[in-house]
Amino acid sequence: MDGEYRVLSHTADTGIEATAGSFEAVVATAAVGMFDLMYDLANATPGSEIVASVDLGDELEEVMVDVLSELLYLAEAEDLLFTEITVTRSKHTELHIVAAAAPTADVELRGPPVKAVTYHDVAVAEVEPGRWTARVYFDT
């Protein structure tokens, strides 16, 4: 993982603030953080990989929510968690996502499940050249 994240306190939900060297890396960092809130990823052994894509919209915040929502949907549909996530720009209008997957049955749940990714107070910005930050809250 190219970046780092920290957990944000909120009265009703849980959030992540991520930092990384590029937009794609900050999205991937936030995604790993989302799964790390729920599961102890250090004890997960990936055995498969998923590939997905998300259209780039006009707003970076919308793209962040779309990527995290897509990964959350795939995880719930297949009873998986994702430990290593790579996001690249495959076209000017699309993000390509590759995620190492492990069965949720093999890893202990350590936090409340994330029900949804919210638009509440979501923010994505390049704060200086080569340094991106993102903030996103989850309905838990």
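Helices (H or I, at least four residues) and strands (E, at least two) are taken here as DSSP runs, numbered from the N terminus. The structure is a predicted model, in which local features need pLDDT of at least 70 and side-chain atom pairs count only at pLDDT 80 or more, while totals for chains, interfaces and linings use all residues. Residues are numbered from 1 along each chain as its sequence is written, and side-chain values use heavy atoms, with hydrogens and water left out.

Asp121 lies in the loop between β6 (116–117) and β7 (123–128), and its phi is positive, at about 60 degrees, although the residue is not a glycine. Asp79, in the loop between α2 and β4, likewise has a positive phi, near 55 degrees, without being glycine. With a relative accessible area of 40%, Asp121 is partly exposed, whereas Asp79, at 52% relative accessibility, counts as exposed; buried means under 20%, exposed over 50% and partly exposed in between, with a 1.4 Å probe and protein chains only.

Leaving aside neighbours within four places in sequence, Phe82 is in contact (heavy atoms within 4.5 Å) with Phe35, Leu41, Ile50, Leu71, Leu74, Ala75, Ala99, Ala100 and Ala101.
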